[in-house]
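Trainee: I have a structure open and would like to walk through it with you. Could you help me read it piece by piece?

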Amino acid sequence: GELKKSVGYFKQALEIDKAIKSDWGTAYDLRNLSISYLIIGDFNAAEKTVLEAVDIAFKIGDRVNGAKSKLQLAEVYAVRGEIKKAKGFYRETIDMADKNFLREVAWRARRGLGRVLVVMGDRGLAVTSYKAAVDIVEQMRGSIKADELKKGFLDDKQELYEELILLLLDKGETGMALEYAERARARSFIDILGKSSVKLKSEAAQNAYDKILKLKERLEELTAGPDGPERASVAEKLQKAMAKLRRENPEVVSFVTVEPVSAEKIANVIDSDVLLLEYVVTEKELVIFAISSGAIEVRRLPVTRKEIAKLVFALRKRIQESAPLGEPSRRLAKLLIEPVRNKLDGFDVVGIAPHGPLHYLSFSALDMGNGYLIDSKPLFYTPSLTMFAETTTKSAKVMKPEEHSALAVGNPDLGVDNTDLPLSEIEAISLRRVFREVKILIRSAATEGAVTKNVSYYDVVHIASHGQFDPLNPLKSALRLAPDIGHDGFLSAGEVFSLDLSANLVVLSACQTGLGKVSRGDEVVGLNRAFLYSGARSILSTLWRVDDMASAILVKHFYRNLADNGKAQALRMAQLAVKRNYPHPSFWAGFTLVGDYR
């Protein structure tokens, strides 16, 4: 964002490249200068420098920078309002990019063309151009490139989806808009995982995943040149590997390709008593999809992403300080719930699919004027509607604790006095009175090795310990357990992916276990997502540091309530029980149920 400095350094680079007679470097310097000038708003300088870049690139036969410079020229004319010129250069860029297999340039040019077609009033062709751009993005492997044109690799791709979603809504294509909202979430998950060191839960799944990543990487390398026998061979191998993955390890498919559920299927798998609210937070508009059995409605509000993020931050700050929630809670309730409030009465349970900053928000703490949202409805969350469809088809209607076995882990011995959680130990032991069979691991027995060895054999997994949230590398977010031979005591999200669970319910009674890094898409890559992938049907976790006593009381009531209620209702009843003695939301609103609500 230090644009004057960027101009200064690019000018220095330009002087050096001219002095050493590097036409290739000179053309790149000029294009980069043009990008800086365009952001600053100096359109004349932006046009002059990129025209020079185009001339030099074509003179020396640099097809890559030639296409990128043509794209930049189109962007300059688009920002200046010279729409016909912009349209022409976008089309020229698309032709060049397609002929030279420059997919990074190709999708950006199609997005730019879509934008100018909207201005020209041709929304039909604009949608076609945007869809083509999305298709290219989804064919590309999710890796960050060193030669990006501008902005973050993930961020501007999310803007592509957001612009298409709004355009489809403008055309009245609500179902298609919802499907692209789901595709954006799936794309984001793939991009965030990238080529990370995730270990999957079986050797076969790991081998299949690694093979597909290698094939995708090789295919990407080959796209820089013309079609040939090797490229065709690699493409065929990739197609066969993907078909095999779908047959043998369908749960891994979401790691490597975008295959969201259709809007029609979503509307048909929802129980009649459930209302699902999927949010899309764009730069200047909030979109709410209200999905019920057989029906999809949409609400749109003119509010910026920046305002929503600011409100969520302010509300979390007040919760952490145990201060009155005040205006942030009321304003968020007005934005997020009020537009669909007339629909709530018709449903018993409300599901939330958050987006962007809303992942950090506890909807139960929203001030509805006559109480908090949790006072009237049980809530649950889902990372995406695709994940909702997967988790809700796996389990029985209501979970009866007396029919289930549980692994109870509490107060691991971390070797440091100030980490002792005596109430979490009592919490774990008390599960004996709830479930048919309980294996208890506390203090020195609550090792990482013991947990990973036993976790696959129980219907309920309860871990009451310290949690560690890593915002920079969400796959390193971890549960703290006692170390043992071969284990450091940090059960990270990356390691959880390798577990093979059959748990109906995982309860993470630890601090900030529900958090993960949120991209501009939806995916919170953290412990919740990892446990869901590993086979858990639902996760009860926390969004902030929760009082030890309040946590123990809430969890006790939650398990008791399960005997006659679904999980979402059991959680609501437990939250209301804690709320009677601890009215402030900091004590009860941090607990969230993710996945199967039944």
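Predicted model: local features only at pLDDT ≥ 70, side-chain atom pairs only at ≥ 80, totals over all residues.

Trainee: Okay, core first: which residues touch the most other members of the largest nonpolar core?

Mentor: Those are L336 and F363, and the core they belong to has 165 residues. Helix α8, which covers residues 153–170, gives this core its largest share, namely eight residues.

Trainee: And what does L336 touch, leaving out residues up to four places away in sequence?

Mentor: With those left out, L336 is in contact with Y279, L286, I288, L358, L361, F363 and L366.

Trainee: Switching to helices: how many residues does α2 have, and how far does it reach?

Mentor: Helix α2 takes in residues 23–40, which is 18 residues, and the distance from its first C-alpha to its last is 26 Å, close to the 26 Å expected at 1.5 Å a residue.

Trainee: Is α2 largely enclosed or largely open, and why?

Mentor: It is largely enclosed by the rest of the structure, because 14 of its 18 residues are buried.

Trainee: What follows α2?

Mentor: The helix is followed by G41, and the phi of G41 is positive, near 105°.

Trainee: Now strands. How many residues of β6 are buried?

Mentor: Eight of the eight residues in β6, residues 405–412, are buried, so this strand too is largely enclosed by the rest of the structure.

Trainee: Which strands does β6 pair with?

Mentor: Strand β6 runs parallel to β7, residues 437–443, and seven bridges join the two; within that pairing, G410 has I442 as its bridge partner. Strand β6 also pairs with β8 in the parallel sense, over five bridges, and there A406 stands opposite V460.

Trainee: What is the strand order in the open sheet of three strands?

Mentor: The order is β9-β10-β11, and the pairing is antiparallel. The edge strands, each pairing on one side only, are β9 at 467–468 and β11 at 490–492. Two bridges join β9 to β10, residues 478–480, and G467 has L479 as its bridge partner in β10.

Trainee: Where does H466 lie, and why does it count as partly exposed?

Mentor: H466 is in the loop between β8 and β9. It counts as partly exposed because its relative accessibility is 21%, whereas buried means under 20%. The C-alpha atoms of H466 and D420 are separated by 9.2 Å, although these two residues are 46 residues apart along the chain.

Conventions: Residues numbered from 1 in each chain as written. Heavy atoms only, no water. Core = buried A, V, L, I, M, F, W, Y, C linked by side-chain atoms within 4.5 Å. Buried < 20%, exposed > 50% of the residue type's maximum accessible area, 1.4 Å probe, protein only. Helix = DSSP H or I, 4+ residues; strand = E, 2+ residues; numbered from the N terminus. Contact = heavy atoms within 4.5 Å. Pairing = 2+ DSSP bridges. Expected span 1.5 Å × (residues − 1).
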